[in-house]
Amino acid sequence: MRETCRQCSAELIGPYCHACGQKRFVDADRRLGHLMSQFFEALTSLDSRFWRSMRALTLQPGVLSAEYLAGRRQSFMPPITLFLLVNLLFFLAPPLTDFDLSFVDQVGGDLAVRAHPRADTLPLEEKARIADYSGQAHSPWTTPWVERRIAQMRADDPALTVRSYAERYERSSSNISKLLIILHVPLLAAAMALILFRQRRYYAEHFVVSLHMMAFMMLLMIAIGLALHVELVKRYAQTAIGLGIPAVAGVYLSLAFWRIYVLRWWEAVFVALVWLVALMQINVYPYRAIQFVLANVLM
Ligand SMILES: [Zn+2]
């Protein structure tokens, strides 16, 4: 009797369907044991797509993107899936400050003074210094907006203070900031499309590269966040974050771009620097503004 594929009804010639790729369905595939073994295999098999992808992402800069762009896509996870999984890990890891500034750092002037954790006991000169601070690039627009929000909420809840509002903000903002990391990717891809326009690649290809690079950046931040739990590292924390992230990222990105875009080494270093500068600019301007507004609205 001729056997057909359960998925697409094409005639089966071997253990896998030539039309859709599904494995030949056998009776054991109905059982619970099959479900469990599938689950454990995905989790533990060091050769599974997940672990293979993670290994390539951490140890072989640029391999994931280069393979994807060359059309070899079977051995690794799709870029967006890998990004979301790493984003999930990042979500569970301890936060780092640049992606999640405190409320006081995000607003300007008088509001920052009133939101300060030690608002009542601050010395006058300290108060004056904070009041002089103009906040972030978005603060001239967002600070009056937040003041109006607090005033409106106070109408319903007279016990609400600026400080308690700031505390509520800070409870929600860390999660929002992690969820929004992906906002960096489309703009980074645009920067790459501009600087590498001679390569005549699709925007989507730069997008994939930036997904992989941002996934690596998140892993790097997870690693540094964990390292900060070690006492010795903690003592040198400022140096570790200030020098560690740009140094490791710079080397990684240079190697990755050299491989992906087939550049000369100095071109690769230059593109890596542009990418890092673009990342910082995107982080400081659009990302912080969107993150701040959404964290206020969704808190
Ligand atoms: Zn089939």
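**Exposed sites, nonpolar cores and helix packing**

Arg200 has 6 C-beta neighbours inside 10 Å and therefore counts as exposed, since the limit for that class is 12 or fewer. The structure described here is a predicted model. Arg200 is placed in the loop between H10 and H11. The phi angle of Arg200 is near 50°, a positive value in a residue other than glycine. A positive phi is also found at Ser9, another residue other than glycine, where the value is near 70°. Ser9 belongs to the segment before H1. With 11 C-beta neighbours inside 10 Å, Ser9 is likewise classed as exposed.

His34 is a residue of helix H1, which spans residues 32-44. The count of C-beta neighbours inside 10 Å is 13 for His34, so this residue is classed as partly exposed; the partly exposed class lies between the limits of 12 or fewer for exposed residues and 20 or more for buried ones. When neighbours within four places in sequence are left aside, the contacts of His34 are with Ala28 and Asp29. Between His34 and Ala237 the separation is 203 residues in sequence and 48 Å in space, taken from C-alpha to C-alpha.

Attention now turns to the interior. In soluble globular proteins, nonpolar side chains tend to be buried together. The largest nonpolar core of the model comprises 38 residues, and those with the most contacts inside it are Leu188, Met213, Met214, Ala215, Met218, Phe257 and Trp275. At least two residues of this core come from each of helix H2 (49-59), helix H4 (79-92), helix H10 (184-195), helix H11 (203-227), helix H13 (237-260) and helix H14 (265-297). The greatest contribution to this core is that of H11, which supplies ten residues. Leu188, leaving aside neighbours within four places in sequence, is in contact with Ser210, Trp275, Ala278, Leu279 and Ile282. Another core, of 15 residues, lies apart from the largest one and has Val107, Ala166, Tyr169 and Phe292 among its members.

Two packed helices are described by the angle between their axes and the distance between the axes. For H4 and H11, the packing angle is about 20° and the axes are 9 Å apart. H4 is therefore roughly parallel to H11, as angles under 35 degrees fall in that class. The crossing of H4 and H11 is left-handed. Of the residues in the contact of H4 with H11, 15 are nonpolar, two are polar and no residue is charged.

For the pair H10 and H14, the axes come within 10 Å and cross at roughly 140°. This angle makes H10 oblique to H14, because only angles over 145 degrees count as roughly antiparallel. The crossing of H10 and H14 is right-handed. In H10, the residues that meet H14 are His184, Leu187, Leu188, Ala191, Met192 and Ile195; their counterparts in H14 are Val271, Val274, Trp275, Ala278, Leu279, Ile282, Asn283, Pro286 and Tyr287. The residues of this contact of H10 with H14 comprise 13 nonpolar, two polar and no charged.

Notes: Residues are numbered from 1 along each chain as its sequence is written. This is a predicted model: local features need pLDDT of at least 70, side-chain atom pairs count only at pLDDT 80 or more; totals for chains, interfaces and linings use all residues. A nonpolar core is a set of buried Ala, Val, Leu, Ile, Met, Phe, Trp, Tyr and Cys residues joined through C-beta atoms within 7 Å. Helices (H or I, at least four residues) and strands (E, at least two) are DSSP runs, numbered from the N terminus. Two residues are in contact if their C-beta atoms, placed from the backbone, lie within 7 Å. Axes are lines fitted to C-alpha atoms, for helices over the stretch in contact, and angles run from 0 to 180 degrees between N-to-C directions. Angles under 35 degrees count as roughly parallel, over 145 as roughly antiparallel, 65 to 115 as roughly perpendicular and the rest as oblique. A crossing is left-handed if the near helix is turned anticlockwise from the far one by less than a right angle, and right-handed if clockwise. Ala, Val, Leu, Ile, Met, Phe, Trp, Tyr, Cys and Pro count as nonpolar, Asp, Glu, Lys and Arg as charged, and the others, Gly among them, as polar.
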